[in-house]
There are 2 protein chains.
Amino acid sequence: MTKERMVNRIIGAGLKNTKYRVNIIEMLSKTDELVSAQEIYNRLLKKSIFINLSTVYRTLDILVDNKILNRVTIEGEKQSFYEYNRDIHHHFLICRGCNKIIPIYDCPLEDYEQKLKSESGFVITGHRVEFYGYCDECRKNLI
Amino acid sequence: MTKERMVNRIIGAGLKNTKYRVNIIEMLSKTDELVSAQEIYNRLLKKSIFINLSTVYRTLDILVDNKILNRVTIEGEKQSFYEYNRDIHHHFLICRGCNKIIPIYDCPLEDYEQKLKSESGFVITGHRVEFYGYCDECRKNLI
DNA sequence: ACGCAAATGCAAATCATTTGCATCTAAATT
DNA sequence: AATTTAGATGCAAATGATTTGCATTTGCGT
């Protein structure tokens, strides 16, 4: 993604265009990893970008509110993770061996949600799915 | 569940039979709600059971390790919740209006896991599914 | 360039949870 | 039944992720 498009997303949301917002969006838009606030801070530091950790948190909050990023929580992890919002519905496959997190762009629940709606009276607005297990490499080391 | 059976589960896990362990199992086995550590503390206090909050946490950890309870985390909530483990695979339907959490004893993912395994090489050991939305009553108040 | 609302830095607060250590208790042993 | 001891508990303090108050700085419309 071009820096110009990042700036457009920031301004389009009615936010001020600041260097740190661009830095954070830039970093996350270049990976499909889930990254924690502390890890974002660390990676920026490595590039000599001296942002305060509380600014990282505030920036993440605002970018999540404006749907530029997604906040993701993982079972058993106390910190939150962030990803660039590509507006593609997806879930995660999480390796309990190496903690690798792999997005899956295929959703098994679309039909099921309809059924649930008619049975429960709930209006379903979203869902979360995570699969846990061991990836190919870690499986080999399990024995 | 009888108190005797609770004690058996405790002893069967190789743990000492203490009043607080029984108190916590008893409370959770009588509801299908998800209850937080602090809420467990509050409910016991209301029954004049004076347990220390750190004992609540330690007891929950041990009972989860021994599969007598389940620890559940909910997207967007920072604390953990606990339920009595009835060994019945289930998921949750969470109302964003009133925060009610309803278990669903019907799983849409069994077939899908097989597919995922063959496509990704992952050995799947578990999954988590949550549905978010608005229950009948809250939906009426949304307008 | 000027002014103001929004963004940032810094330190301290908060909230859920964990830990160290002294004391107590369940239950195994004598 | 008294003794022993590993494990359980209480209490206060520590921890880790996140949030907040307030002073200062910056983006951007005028």
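Visitor: What makes β6(A) and strand β6 of chain B a pair, and in which sense do they run, parallel or antiparallel?

Guide: First, this is a predicted model. The two strands, residues 123-134 in chain B's case, share 11 bridges in the antiparallel sense. Pairing needs at least two bridges, so they qualify. One of the bridges joins A:His127 to B:Phe131.

Visitor: Why is the link between B:Lys115 and A:Asp106 called a salt bridge?

Guide: The N to O distance between these side chains is 2.9 Å. The limit is 4 Å from a Lys or Arg nitrogen to an Asp or Glu carboxyl oxygen, so B:Lys115 and A:Asp106 meet it. Between chain A and chain B the count is six salt bridges. Polar contacts link 19 residue pairs there, both residues at pLDDT 80 or more.

Visitor: Which element gives the largest share of chain A's side?

Guide: β6(A), with 12 residues. Other elements giving two or more residues include α5 (110-120) and β4 (91-95) of chain A.

Visitor: What is the makeup of that side by class?

Guide: It has 19 nonpolar, eight polar and nine charged residues.

Visitor: How many residues are in contact, and what area is buried?

Guide: 36 residues of chain A are in contact with 36 of chain B. The buried area is about 3000 Å², and carbon and sulfur atoms give 61% of it. A:Phe122, A:Arg128 and A:Phe131 supply 25% of what chain A buries against chain B, more than any other three residues.

Notes. Residues numbered from 1 in each chain as written. Chains lettered and ligands numbered in written order. Predicted model: local features only at pLDDT ≥ 70, side-chain atom pairs only at ≥ 80, totals over all residues. Heavy atoms only, no water. Contact = heavy atoms within 4.5 Å. Buried area = accessible area lost by both parts, 1.4 Å probe. Polar contact = N/O pair within 3.5 Å; in protein donor to acceptor, adjacent residues only side chain to side chain. Helix = DSSP H or I, 4+ residues; strand = E, 2+ residues; numbered from the N terminus. Nonpolar A, V, L, I, M, F, W, Y, C, P; charged D, E, K, R; others polar.
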